[in-house]
Amino acid sequence: MARRVLIIEDEPNIIEAISFILTRDGWQVDTHSNGHDAVSVVQARAPDLVILDVMLPGRSGYDILTDLRALPATQDLPVLMLTARGQARDRELAEKAGASRFMTKPFSNADVIEALNALVAE
Amino acid sequence: MGTLNILIAVCLAYVALLFGVAFMAERAALKGRGNWLRSPWIYTLSLSIYCTAWTFYGAVGYAARSGLEFVTIYLGPSLVMVGWWWALRKMVRIGRTQRITSVADLISSRYGKSGLLAVCVTLLALIGITPYISLQLQSVTLSFSSFAVSDAEGAALIAAHDTALWVAIGLALFTILFGTRNLDANERHHGVVMAIAVEAVVKLFALIAVGVFVVWGLAGGIGPMLERIDASEIGAWQMDRGRWFGLTFLSAAAFLTLPRMFQVLVVENEDEGHLRTAAWAFPTYLFLMSLFVVPIAVVGLELMPAGANPDQFVLTVPLSQGQDGLAMLSFLGGFSSATSMVIVASIALSTMVSNHIVMPIFLRVTRGGASGPSDVRHVVILARRISIGIVLTLGYFYYKISGGGTALAAIGLVSFAGLAQLLPAMMGGIFWRGATRNGAFAGLVTGFVLWAYCLLLPQFGGGLPVAVVEQGPWGIGWLRPHALFGIQGMDPLLHAVMWSLLLNATVFVLVSIASFPSPLERLQGAQFVNIFEHSNNPQSWSGGVAQSEDLMIMAQRILGPAEVQSFFQAEAARQGLAGFLPEPTPDFLARLERELSGAVGGATAHAMVAQIMGAATVSVEDLLAVADETAQMMEYSSQLEAKSNELTRTARQLRAANDKLTKLSVQKDAFLSQISHELRTPMTSIRAFSEILRDADGLKAQDLTRYASIIHAEAIRLTRLLDDLLDLSVLENGQVNLNIREGTLADVISHAIAAAGADMHPLKVRRIGPASDIMLRTDLDRLAQVFINLIANAQKYCDAERPELVIEVNRRSGRIIVDFIDNGTGIAPDAQGMIFEKFYRVSDRQAGGAGLGLAICREIMDRLGGTLGYLPGQGGAAFRVSLPVAQWMAAR
């Protein structure tokens with residue numbers, strides 16, 4: 001059975017790119033594009049893995065992740081955080097919020113696939 | 001009959017003259033021509049209401065009965081004026097700064113604006129003064145009768161008509177007319193004061209005229225007069241030291257505590273400096289008043305038949321010698337003395353009664369000034385008028401009941417002794433910070449009860465059964481009213497004064513020491529005692545959530561709208577605010593309270609403000625203010641303060657500089673972070689898709705094209721972003737080169753519409769206004785850039801079903817105004833302030849921009865000398881571009 005990934009990201013072009021490479025790698029891809037209801041969407045769809053952007057309309061990725069980690073169902077869910085803000089402080093914030101992995105935009109496609117596979121293997 | 005008719009005519013003419021004088025003085029004061037009204041001489045003459053009918057007629061009677069003892073009545077006030085002027089000055093200063101309206105107000109204000117104390121003092125004064133007022137009515141009636149003795153028809157006339165009643169009614173009318181013209185009891189009654197000054201001159205002149213007639217006309221000069229005095233009983237008079245000192249003290253105390261004296265000394269005082277003149281002029285006046293008392297008494301005793309009332313010698317001696325004119329003058333003197341006292345006393349008492357009894361009840365019934373149903377001003381004035389009526393009615397009835405038999409001097413002294421009970425609370429309040437409300441209250445009650453028991457009740461109309469007076473209540477000897485605690489053989493008056501004042505003062509001091517004052521009391525205590533150190537800053541309120549508007553509504557009802565509005569406006573301006581509603585700072589509230597207390601008294605004003613402020617009368621800040629004050633007094637050092645101020649100032653500057661730097665640094669970080677995000681986002685798409693294309697294994701041709709075009713679009717987006725950033729940076733640094741050209745506004749707008757591709761877009765553009773008439777001289781390309789941006793924004797964000805943009809041109813006060821108004825939902829109010837910030841985006845939707853467009857537009861308009869702003873309330877999103885006059889002219 002294909003592993004299911006949920007991409008939470010607001011840039012349509014980036015969603016399209018990530019969807020393409022992950023589908024090609026055999027993932028079942030689902031997308032969501034705003035922060036307000038991200039937590040309930042994750043709960044409802046129960047993906048194997050989440051790719052989470054930081055600057056989302058409505059709510060920041062850090063807040064969403066903090067909420068997810070507080071819920072029993074999602075406290076161990078693998079989450080890959082993507083951010084366009086590449087400062088050291090952003091990485092710290094992501095770790096504090098409980099990100100399983102952290103990657104800076106722009107990224108290499110191969111790195112994303114590799115990171116995802118590593119996360120599900122853990 | 002003839003004499004009496006003339007007398008009545010003269011009397012009415014005299015009253016008419018007084019009305020005229022009072023009326024003219026009021027007019028002059030109103031027109032601001034009343035400088036002469038504010039002279040220290042008028043002030044001094046107004047003090048002469050101390051000399052009532054009692055002094056005018058009674059002093060001679062007193063001398064005839066008790067020799068030189070009458071001098072004490074003049075000695076007391078003279079000593080106060082000369083030796084205690086500094087205490088008077090303090091009282092006057094307190095009265096003026098705190099807008100004190102009466103003795104009751106003074107005492108209640110000092111002890112924490114206590115309503116109970118005010119009521120207590122008012123009642124004391126009412127009880128103490130009523131006999132005194134009836135005394136004046138009696139003396140006028142007596143003097144009428146003296147004229148009528150020689151005239152049988154006249155006597156019948158006097159008997160048929162109740163003279164005292166007519167006098168009382170006339171005085172009530174005069175007082176109401178001139179005493180309640182202004183609401184503000186703190187405002188001076190120029191008319192009344194002027195009339196009193198005239199009366200002061202008349203009574204002095206009359207007494208001296210009679211004296212001169214007696215010495216030179218009857219006795220044959222100074223030498224023979226002195227011989228006659230030596231030969232008379234008065235010459236053989238022996239001084240009773242106890243009575244002498246006691247009476248001097250009593251009259252001095254009364255001078256300070258009598259409500260009517262307080263009225264002229266403090267309330268009607270125009271200028272503290274007047275006290276300096278009065279300090280010697282008033283004793284001189286008193287000296288002149290007393291100069292001929294003994295000669296008149298001696299000659300009267302010789303000439304008049306045995307049993308003649310010596311209280312009437314001033315009148316009967318000239319009458320018996322056929323000197324009708326002189327007697328008439330003398331009658332006017334006595335009449336003046338009586339009327340001036342009654343007028344001022346009833347003004348003073350009515351102020352107290354209305355402020356401390358009627359108004360509090362009214363306010364309680366109507367639940368406060370702010371919510372009251374009617375204009376409180378009318379109520380206050382009405383209350384005051386009714387109170388005048390009450391005071392005079394009481395006086396009249398007392399006269400009727402007591403039968404007018406008691407010697408004038410005796411009634412006067414009993415009154416004095418009653419009012420003297422206020423002395424400990426009053427002087428203690430002014431000079432001793434430790435005095436408390438409880439102490440004042442306990443002392444007053446003690447003193448007053450003793451006075452009533454030992455003096456008032458035994459003296460008049462059998463207030464006490466004879467058995468009680470002689471054996472004491474229930475036969476307890478040491479409780480006899482004239483021999484308390486077994487001290488016998490003392491003069492009853494002296495006995496009562498000594499015990500009442502001694503116990504009053506003792507209880508006052510002991511209870512004050514034992515009780516702890518409320519914060520407001522301590523505050524007021526400091527204000528009063530240290531009035532010269534820090535005038536004008538009573539702080540009795542602290543911030544809180546007072547409703548300035550409620551305060552205004554309440555104040556308007558009391559002071560009238562015009563006055564209140566200008567007061568509130570001035571207060572708001574003082575705080576640096578526009579409009580009519582100042583912040584309810586302690587400072588403002590204290591001033592408002594002072595304004596109000598001029599009209600309704602301190603305790604009531606405080607209660608009214610308290611009602612609106614919400615009960616919390618005294619806050620921690622007040623307590624701190626008290627503590628601060630004490631500390632300041634203990635170790636005040638202006639140098640230290642200056643240094644500390646300087647340090648505080650420097651620290652504040654440093655902190656401000658630091659804040660600014662921190663803010664700039666935070667702004668810079670945020671800006672960099674934003675730029676990073678804005679650059680990385682398109683870069684991410686470009687990198688991801690280019691990698692997809694590079695690894696092109698099995699891509700469909702249509703995907704290939706699509707991904708290539710995404711890369712292309714993102715590259716363009718990146719370029720535009722870089723252009724915008726560069727543009728903004730250049731504009732912000734002011735390094736931009738403007739390309740100034742001439743052209744019509746219509747051309748610029750047309751160019752912008754075309755460049756925005758509006759003809760291809762569903763958004764309909766409609767143009768209004770005389771754009772083609774307007775010639776511009778500015779950077780036309782930059783202006784067009786602004787217009788293009790605004791049109792493009794409408795294209796992107798206008799969410800109406802049939803989107804439309806109106807571009808309207810107007811000329812207004814030397815500026816060109818171009819409005820861009822669309823028919824969408826517009827921009828939320830909380831976002832309106834943000835849209836010109838860099839990187840701010842209203843919508844969640846990706847509309848392509850980086851959020852720099854409006855920031856750039858605003859910078860451009862800045863450079864062009866114009867403005868760009870959001871125009872709220874237009875329905876849709878609306879932007880206004882305005883250009884200054886220098887950049888346009890009418891097209892040729």
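Leaving aside neighbours within four places in sequence, Glu859(B) is in contact with Leu728(B), Leu731(B) and Glu732(B). Glu859(B) belongs to helix α35 of chain B, and its relative accessible area of 18% makes it buried, because buried means under 20%. The model is predicted.

- Helix α35(B) spans residues 853-863 and lies across β6 and β7 of chain B.
- The direction of α35(B) is at about 140° to β6(B).
- Chain B has an open sheet of five strands, ordered β2-β4-β5-β7-β6, with mixed pairing.
- At the edges of this sheet stand β2 (764-768) and β6 (867-870) of chain B, each of which pairs on one side only.
- On average, neighbouring strands of the sheet are turned by 15° against each other, direction ignored.
- Strand β5 (residues 815-822) and strand β7 (residues 878-883) of chain B run antiparallel and are joined by six bridges.
- Opposite Asp819(B) stands Arg880(B), a residue of β7(B).

**Helix α6 of chain B**

- Helix α6(B) covers residues 103-110 and is mostly covered, with eight of its eight residues buried.
- Among the buried residues of α6(B) are Val103(B), Leu106(B) and Ile107(B), and also Asp105(B) and Arg110(B).
- After α6(B) comes Gly112(B), which has a positive phi near 70°.

**Helices α16 and α17 of chain B**

- Two packed helices are described by the angle between their axes and the distance between the axes.
- For helix α16 (residues 313-320) and helix α17 (residues 324-365) of chain B, the axes come within 7 Å and cross at roughly 170°.
- Angles over 145 degrees count as roughly antiparallel, so α16(B) is roughly antiparallel to α17(B).
- From α16(B), the residues Val314(B), Leu315(B), Pro318(B) and Leu319(B) take part in the contact.
- They meet Asp324(B), Leu326(B), Ala327(B), Ser330(B) and Phe331(B) of α17(B).
- Sorted by class, the contact of α16(B) with α17(B) has seven nonpolar residues, one polar and one charged.

**Aromatic pairs**

- Over all chains, a search of the whole structure finds 16 aromatic pairs.
- One of the pairs consists of Tyr14(B) and Phe335(B), which are edge-to-face at 6.3 Å centre to centre, with 65° between the planes.
- Tyr14(B) lies in helix α1 (residues 2-30) and Phe335(B) in helix α17 of chain B, so this pair ties together parts that are 321 residues apart in sequence.
- Tyr14(B) is buried, at a relative accessible area of 6%, and Phe335(B) also counts as buried, at 8% relative accessibility.
- Tyr50(B) and Phe255(B) form an edge-to-face pair, at 5.7 Å centre to centre and with 80° between the planes.
- Tyr50(B) is in the loop between α2 (40-47) and α3 (53-66) of chain B, while Phe255(B) is in helix α12 (residues 241-257) of chain B, so the pair ties together parts 205 residues apart in sequence.
- Tyr50(B) and Phe255(B) are both buried.
- Phe20(A), Phe689(B) and Tyr707(B) are linked into a cluster by ring pairs.

How values were computed: Residues numbered from 1 in each chain as written. Chains lettered and ligands numbered in written order. Predicted model: local features only at pLDDT ≥ 70, side-chain atom pairs only at ≥ 80, totals over all residues. Heavy atoms only, no water. Buried < 20%, exposed > 50% of the residue type's maximum accessible area, 1.4 Å probe, protein only. Helix = DSSP H or I, 4+ residues; strand = E, 2+ residues; numbered from the N terminus. Pairing = 2+ DSSP bridges. Axes fitted to C-alpha atoms, helices over the stretch in contact; angles between N-to-C directions. Contact = heavy atoms within 4.5 Å. Parallel < 35°, antiparallel > 145°, perpendicular 65-115°, else oblique. Nonpolar A, V, L, I, M, F, W, Y, C, P; charged D, E, K, R; others polar. Phe/Tyr/Trp six-rings, centres within 6.5 Å; stacked < 30°, edge-to-face > 60°.
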